[in-house]
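Dear colleague,

Please find the structure below, together with its sequence.

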Amino acid sequence: MAGAIPGERVIVSFYLQPLRVFRLFLGAGPFFPRNAVAVLLFGDVNAVISARRWWLPARRCRTQKEEFRKEMGSMQSEKVETAKESSGAPILVTGGAGFIGSNFVLEWLASGKGPVVNLDKLTYAGNPENLASVEKNPAYTFVHGDICDAALVKRLFEEHRPRAIVHFAAESHVDRSILGPETFLRTNIDGTFTLLQAARSYFATLEGEARDGFRFLHVSTDEVYGTLEPEDPAFHEETPYAPNSPYAASKASSDHLVRAWIHTYGLPAMITNCSNNYGPYQFPEKLIPLMIANARKGKPLPVYGDGQQVRDWLYVVDHCRALAAVLERGRVGETYNVGGGNQRSNLQVVTTLCELLDELSPDSPVRPHKQLITYVADRPGHDRRYAIDARKLEGELGWKAQESFETGLRKTVEWYLANTAWVESVTSGAYQHWVAQNYDSRETAGAGSRETADAVARETTAGGAR
Ligand code: NAD
Ligand code: DAU
């Protein structure tokens, strides 16, 4: 949580005035040209980042500074104030305590891109521990709350006057959506609607640079496109929507709302549709961290159906870099697909994980870890294959994934082995209840056993995933 700003900074801020005028010049226009000018002037990206970090505390003093200025009777024109607001304004992140959101916030702050306000409900998937390292950073503000709370969201826009919103908050797990779809409709559809309405009202109050630069970035998924046959081309931005799970349907609905707010109200929004992410801080209900956590404890590694379903894996930090690129340089109203070009079957992924664990934990009593692989009943309605064509993002914005699947997976396994306390803290209590709900009724089954899959499907009528 951001602490109070020390009073001395007001004085420092006063003496930094000439620098801030210079910075206003740098702040003119969208984010990218500003950086480009700064790089030209300083000749080095790191120098720019350091300089911006140095300026940051002064930005945080805006409120105190305004009071100070009023006391001194020094009035400034409305226009200059708007420009300053815009250049020093934070981004509003929703769901920043989750897996991708926390990686994004950490990356954003580390690269000195400016202050962040993080609105998160802290569901089972949200963990403030993920952001413990920035908790005291004056550029970081945490707000515990629900994106469906219209009054709260309105107040946050008014108080913080963000230059952009990056919307991660969602119910994100397909299996949970099968067992209890209600919260998915509420958060993913109603929540996005609430944010769009608040952003629209706020956008109507903006002028000049603040208005030109404002962006709403909606973080979505490739699951909205449905499933692919083995020979089908990868999903591109014009692939028709065909969501198959309650989760995918709720995300598709939210994408359609964003699209409508762009076309009807002129909201400067953009949508990204990304493939499967993996990396640090992923909650161990998803394939990769679940398999690592189970393998460490010598528990079965539950592969759904025949394990031949294909996903296109992307290291989470590469996703975060893509989001920053779209936010800074993406065209308003556009959709960008994000993917790593790493198609692997689930069985390949689990087998590679087992081999990495054999190598990195040589004292494990359950080596070779492959012996733990267990086929269980398939996920109802399980999409067979996802693959992303990211050429638009690569060509227009110059983004390219930096991690290969091999380097990213190794980093990920190393992170989970080094952070056992984090894993223990998120796998107690309610997590055990989820594991029982999702896996007990699956039983050990032959590949693709319909009977056991039906048993899982019957659970649906019980409702409530938690
Ligand atoms: P996650 O489940 O790890 O985190 C979701 C976060 O949202 C949590 O911090 C949670 O507390 C918060 N949240 C949930 N409901 C909320 C509400 N009503 N109000 C405020 N906060 C709320 O999800 P993730 O994997 O980090 O995914 C983030 C976004 O990226 C989602 O929109 C998801 O659809 C999308 N996405 C995820 C992947 C992936 O592989 N994980 C891939 C593509 C797109
Ligand atoms: O494609 C992007 C999507 O990727 C995101 O939008 C979702 O938020 C994210 O959860 C992820 O969805 P998946 O359903 O693909 O992820 P999950 O990790 O749950 O499953 C990956 C694959 O592994 C899938 O084919 C199901 C399979 N699986 C999963 C679990 C949890 C198993 O075989 N066994 C398991 O125990």
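Predicted model: local features only at pLDDT ≥ 70, side-chain atom pairs only at ≥ 80, totals over all residues.

Helices (H or I, at least four residues) and strands (E, at least two) are taken as DSSP runs and numbered from the N terminus.

Residues are numbered from 1 along each chain as its sequence is written, and chains are lettered from A and ligands numbered from 1 in the order in which they are written.

Helix α13 itself (287–296) is mostly covered, with nine of its ten residues buried. A residue is called buried if 20 or more other C-beta atoms lie within 10 Å of its own, exposed if 12 or fewer, and partly exposed in between, with C-beta atoms placed from the backbone. The buried residues of α13 include Leu 287, Ile 288, Pro 289 and Leu 290. They pack against β7 (277–278), β8, α15 (346–360), α17 (405–418) and α18 (420–426); contact between two residues means that their C-beta atoms, placed from the backbone, lie within 7 Å.

Ligand 2

The most comes from β8, which gives three residues. The shell holds 19 residues, of which Ser 172, Thr 221, Lys 286, Leu 287 and Tyr 304 come nearest. A residue counts as near a molecule or strand if its C-beta atom, placed from the backbone, lies within 6 Å of it. By class, seven residues of this shell are nonpolar, seven polar and five charged. Here Ala, Val, Leu, Ile, Met, Phe, Trp, Tyr, Cys and Pro are nonpolar, Asp, Glu, Lys and Arg are charged, and the others, Gly among them, are polar.

Ligand 1

Around ligand 1 there are 31 residues, and the closest are Gly 95, Gly 98, Ala 125, Gly 126 and Ala 170. Two or more residues of this shell come from each of α7 (99–110), β2 (116–120), α10 (182–205) and β5 (215–221). The largest share, three residues, belongs to α7. The shell around ligand 1 comprises 14 nonpolar, twelve polar and five charged residues.

Helix α7 is mostly covered, since ten of its twelve residues are buried. Among them are Phe 99, Ile 100, Phe 104 and Trp 108. The buried residues of α7 pack against β1 (91–94), β2, β3 (140–144), β4 (164–167), β7 and α14 (316–329). At 1.5 Å a residue, the twelve residues of α7 should span 16 Å, and its end C-alpha atoms are 17 Å apart, which agrees; the expected span is 1.5 Å times one less than the number of residues. After α7 comes Gly 112, whose phi is positive, near 65°.

Helix α14, against which α7 packs, is largely enclosed by the rest of the structure, because ten of its 14 residues are buried. Val 326 is one of these buried residues. Val 326 and Glu 396 are 70 residues apart in sequence and 9.7 Å apart in space, C-alpha to C-alpha. Glu 396 is found in helix α16 (residues 391–397) and is partly exposed, with 15 other C-beta atoms within 10 Å.

Strand β6

In β6 (residues 269–274), six of six residues are buried. In a regular strand the side chains alternate between the two faces of the sheet. Both faces of β6 are covered, with Ala 269, Ile 271 and Asn 273 buried on one side and Met 270, Thr 272 and Cys 274 on the other.

Strands β5 and β6 run parallel and are joined by six bridges; two strands pair if DSSP finds at least two bridges between them. Cys 274 in β6 is the bridge partner of Thr 221, a residue that is also among those nearest to ligand 2. Together with helix α12 (residues 246–265), β5 and β6 make a right-handed β-α-β unit, meaning that, with the strands pointing away from the viewer, the path from the first strand over the helix to the second runs clockwise. Strand β6 also pairs with β11 (residues 335–338) in the parallel sense over four bridges, and the partner of Asn 273 in β11 is Asn 337.

Yours sincerely
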